[in-house]
Amino acid sequence: MDRLTSNKPVSEMGGYELAHNSCYTKDSKARVRDFENDSDTRKLIIKLLEKYVEIPNEFTCDEDFDEFMLDCLQYGTDSILGLIAVFYQNLWSMAGSREQLKDYEDTGLSPEDVRMSEYALEDAAEELEEFWGMETNLVGEIKDLLKKMEVNHESEKN
């Protein structure tokens, strides 16, 4: 499975690679970039609000802005304001998803590797418990990890 996330400079990315890395986070802020621009998503959206719906930048902080944009989602895609709100929501959610995917990809493990590690951990816990004749701290930690993996699999099904 090929990696989708990249830390390469935009100038070294092709269109497909940039599409998967156009939204990202830096200093805990969502950003959006293309071949010519790289900007904070809030600043980009503020420019769009000023240009297309004539709403001036009178926001006192990021929280005020975010609350305003959340309220604007009520207008849906039938208005420019609603479209801008949906666009903003998509930008910050894509940035968060990209960073989470990057964390997974940075492990170097494929989903199949993770599934196989479950079986290896189960076998190791059984063998250790059998060898020591009791459940050791290590076996307990392995079983706790396996329970977490099982809970994650269950939540994926829902």
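**Notebook: helix contacts, sheet and turns**

I began with the contact of two helices: R42, I45, I46 and L49 of α2 touch D62, F65, D66, F68 and M69 of α3. Contact here means heavy atoms within 4.5 Å; helices (H or I, at least four residues) and strands (E, at least two) are DSSP runs, numbered from the N terminus. By class, I count 6 nonpolar, no polar and 3 charged residues in the contact of α2 with α3. Ala, Val, Leu, Ile, Met, Phe, Trp, Tyr, Cys and Pro count as nonpolar, Asp, Glu, Lys and Arg as charged, and the others, Gly among them, as polar.

I note the basis of these entries: this is a predicted model, in which local features need pLDDT of at least 70 and side-chain atom pairs count only at pLDDT 80 or more, while totals for chains, interfaces and linings use all residues. Residues are numbered from 1 along each chain as its sequence is written, and side-chain values use heavy atoms, with hydrogens and water left out.

**Geometry of α2 and α3**

I looked up the axes next. Those of α2 (residues 41-52) and α3 (residues 62-72) come within 12 Å and cross at roughly 55 degrees. Axes are lines fitted to C-alpha atoms, for helices over the stretch in contact, and angles run from 0 to 180 degrees between N-to-C directions. The two helices are therefore oblique to each other (under 35 degrees counts as roughly parallel, over 145 as roughly antiparallel, 65 to 115 as roughly perpendicular and the rest as oblique). The crossing of α2 past α3 is left-handed, that is, the near helix is turned anticlockwise from the far one by less than a right angle.

**α2 and α4**

How do the axes of α2 and α4 cross? I find that they come within 10 Å, at a crossing angle of roughly 170 degrees, and α2 and α4 are therefore roughly antiparallel to each other. On the α2 side the contact involves T41, R42, L44, I45, L48, L49 and Y52, and on the α4 side I80, L81, I84, F87, Y88 and L91. The contact of α2 with α4 divides into 11 nonpolar, 1 polar and 1 charged residues. R42, I45 and L49 of α2 are listed here and also in the contact with α3.

**The sheet**

I turned to the strands. They form an open sheet of 3 strands in the order β1-β2-β3, with antiparallel pairing (two strands pair if DSSP finds at least two bridges between them). The edges are β1 (23-26) and β3 (38-40), each with a single partner strand, so one side of each has no neighbour in the sheet. From one strand to the next the twist averages 35 degrees.

I then checked the bridges. β1 and β2 (residues 29-33) pair in the antiparallel sense over 4 bridges, with V32 of β2 as the bridge partner of C23. Helix α2 packs on the sheet, touching β2 and β3, and its direction makes about 85 degrees with that of β3. Helix α4 (residues 80-106) also packs on the sheet, where it touches β1 and β2, its direction making about 75 degrees with that of β1. β2 and β3 form a hairpin with 4 residues between them.

Is β2 buried or exposed? Of its 5 residues, 4 are buried, so β2 is largely enclosed by the rest of the structure. Buried means under 20% relative accessible area, exposed over 50%, and partly exposed in between (1.4 Å probe, protein chains only).

**Positive phi**

I recorded two residues with positive phi that are not glycines. D27 has a phi of about 55 degrees and lies in the loop between β1 and β2, a hairpin with 2 residues between the strands. At 68% relative accessibility, D27 counts as exposed. E54 likewise has a phi of about 55 degrees, in the loop between α2 and α3, and is exposed with a relative accessible area of 69%.

My last entry concerns distance: the C-alpha atoms of D27 and E127 are separated by 45 Å, at 100 residues apart along the chain.
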